[in-house]
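Here are a few notes to read alongside the model. Take them in order, with the structure open next to you.

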Amino acid sequence: MSPILNIAAYKFLPLDDLKTRRERLQGLCKEAELKGSILLSQEGINLFVAGQEPQIDRLLSELRGWPGLADLQPKLSYTEHQPFRRMLVRIKKEIIAFGVPGIDPSRRTSPKLPAAQLKQWLDEGRPVTLLDTRNDYEIKLGTFKNALPIGVNHFRDFPAAVAKLPEELKEQTVVMFCTGGIRCEKAGPYMEQVGFKNILQLDGGILKYFEEVGGEHYQGECFVFDQRVGLDPRLGETGSAQCFQCQSPLTEAEQQHPHYVPGKSCPYCYQTPAEQMAASIARRHEVIQGLTTPLPGSQPYDHFKPVNVPADCDGATVVEAFCRVVRYIPAEVWEQKCADGLILTADREPVSAAHRVKAGERYLHRMPAVIEPAVNMDVRILYEDEAIVVVNKPAPLPIHSGGRFYRNTLQWLLYDVYSPQKLRPAHRLDANTTGVQVFTRTQHFAGRVQDQFAQMQVEKVYLVRVNGHPQADEFTCDAPISNEPGKLGSRSVDPIAGLPALTDFRVLRRSSDGTSLLEARPRTGRTNQIRIHLAHLGWPVCGDPAYVSGNELGDVQTLSVDAPPLCLHAFELTFRHPVSHQPVTFTAPPPAWASY
């Protein structure tokens, strides 16, 4: 098979009728089986194309027939393979993106310095500053000896980089260069605009220097924007590659590095699993910030609360069914809601109070213009992998919807953050409790973790501040706790019918303000267990709005955001990971009230 001819060329000149020109070039290149890219703009043309030599000649004949392109002289090189994957002909605002108005290379550019003359200057040791205008990642493969890199990752950043150059450079002779010369066509006039007095550009760039005088005074290879990646001074393809992830060019030696995995990573972008997780979590935190400003439940919306008809309500009226499911609301309230059109079928059709229901049907209670109480949604993710997500839950913040909270909940937030996955809580902290909260990413993993909580195989450590000074440094409470909810969903000590409950306590510090900091280790998992046990012992948790002392109950369940905090923090959690089955431990930094 004949070698593939590669051509690179550009010219700044006024071009019109761009769509017609693009269509003509698309047809020609398709028929000639050429690949590469051609950029058309009102300011000119820029192209990199490869194919069989007779077909390249057809393209050049077409272009040289355009007004102003008769003298188009491309740079030539040959390869054994096609370096481009496809053929693109695009219309752009600029053929080389710069973004500075008033720069028109078709009218004027900086003086060009021939390659042979630059070599002569360098042979003679003539004082000259070589300015590499290419991107930093291109320079990694090679540049002229003692050249000054401009320090950009995109050519649009060139003006800002020029502003950082030493002021004395404006009086010196500066020879700028790039791959093929096109960037210098704009960079030179810009530098002259901002006060550089002796700006020259290397005619034809590095590639023409290689072609005309070889590689003397140059170190390394020249990066090119195609599958060849690097060219040596003989314009031959080198063994360099380019990282798929970060686009860094890689020498053959760098490709031997253990962190180079084709299509995945290289020595410049490789991240350890911990670094990958940290980067992912940082992105999650940005999403959380956007989703919680303002709070999702702070804007009025209609909430539709589902109610499923139980089997023993088959044939009853809708009011009777609702009274059966929501027992604390009297019938006359449901009758009024029916009259107001707030009780709907699953298809959102209103029903009357006399409407008869069937077992298993779903109805909706419409709650118009809901505005939820404010919560603390400063959620911090501690850990995530393919199976679990662990967060440091702030307070007050309910885990899931209920009562006055539907959208201002942790589960609602994480549904959005991890969409389309729907995270499942492996356990549940109270709305007023802070600390380690574990979620699972699938139902399969949920079963593996939730079972450990149900079978009391999880080691939990809480920090808790209480009113009073317990006499013993270590003590235990085994008071049984009621199973049925009472006022505001609370529980209480029930010596007769209560469920077994056991909590171990250890005093960490007794403070002069009459409070104590304790470590609590619940050995069972009853609702509000630590709070109930401490209130029962006469040392209620500081800031607890519900369990005041003994079996005395307060009137509030979920605190407001500006109320003093409930001083209960899930500090540490240890369980078996659902994938590795090895013990894992997670800790949440103690809040200010727990510092000791």
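This is a predicted model: local features need pLDDT of at least 70, side-chain atom pairs count only at pLDDT 80 or more; totals for chains, interfaces and linings use all residues.

**Notes on the model**

1. Now the overall shape. A compact globule of 596 residues would have a radius of gyration near 25 Å, whereas this protein comes out at 36 Å. Its C-alpha trace spans about 100 × 60 × 50 Å along the principal axes.

2. On to the fold. You'll find 13 helices and 31 strands here. Of the contacts with a separation of 6 or more, 66% are between residues 24 or more positions apart.

3. How much is buried? Buried residues make up 49% of the 596. The accessible surface is about 29100 Å², and carbon and sulfur atoms account for 50% of that.

4. Next, have a look at the largest nonpolar core, which has 31 residues. Tyr462, Val464, Phe505, Leu518, Ile530 and Leu534 have the most contacts inside it. At least two residues of this core come from each of β24 (459–467), β25 (474–477), β26 (503–510), β27 (515–522), α13 (529–537) and β30 (568–576). There is also a second, separate core of 26 residues, with Phe12, Ile103, Leu165 and Ala187 among them.

5. What does tyrosine 462 touch, leaving out residues up to four places away in sequence? Its partners include Leu429 and Thr433, Leu518 and Ile530, and the run Leu568, His569, Ala570 and Phe571. Glu519, Ala520 and Pro522 are also on the list.

Notes: Residues are numbered from 1 along each chain as its sequence is written. Side-chain values use heavy atoms; hydrogens and water are left out. A nonpolar core is a set of buried Ala, Val, Leu, Ile, Met, Phe, Trp, Tyr and Cys residues joined through side-chain atoms within 4.5 Å. Buried means under 20% relative accessible area, exposed over 50%, partly exposed in between (1.4 Å probe, protein chains only). Helices (H or I, at least four residues) and strands (E, at least two) are DSSP runs, numbered from the N terminus. Contact means heavy atoms within 4.5 Å. The radius of gyration is taken over C-alpha atoms; the globule rule is 2.2 Å times the number of residues to the power 0.38. Accessible areas come from the Shrake-Rupley method with a 1.4 Å probe; for residues, only the protein chains shown count as cover.
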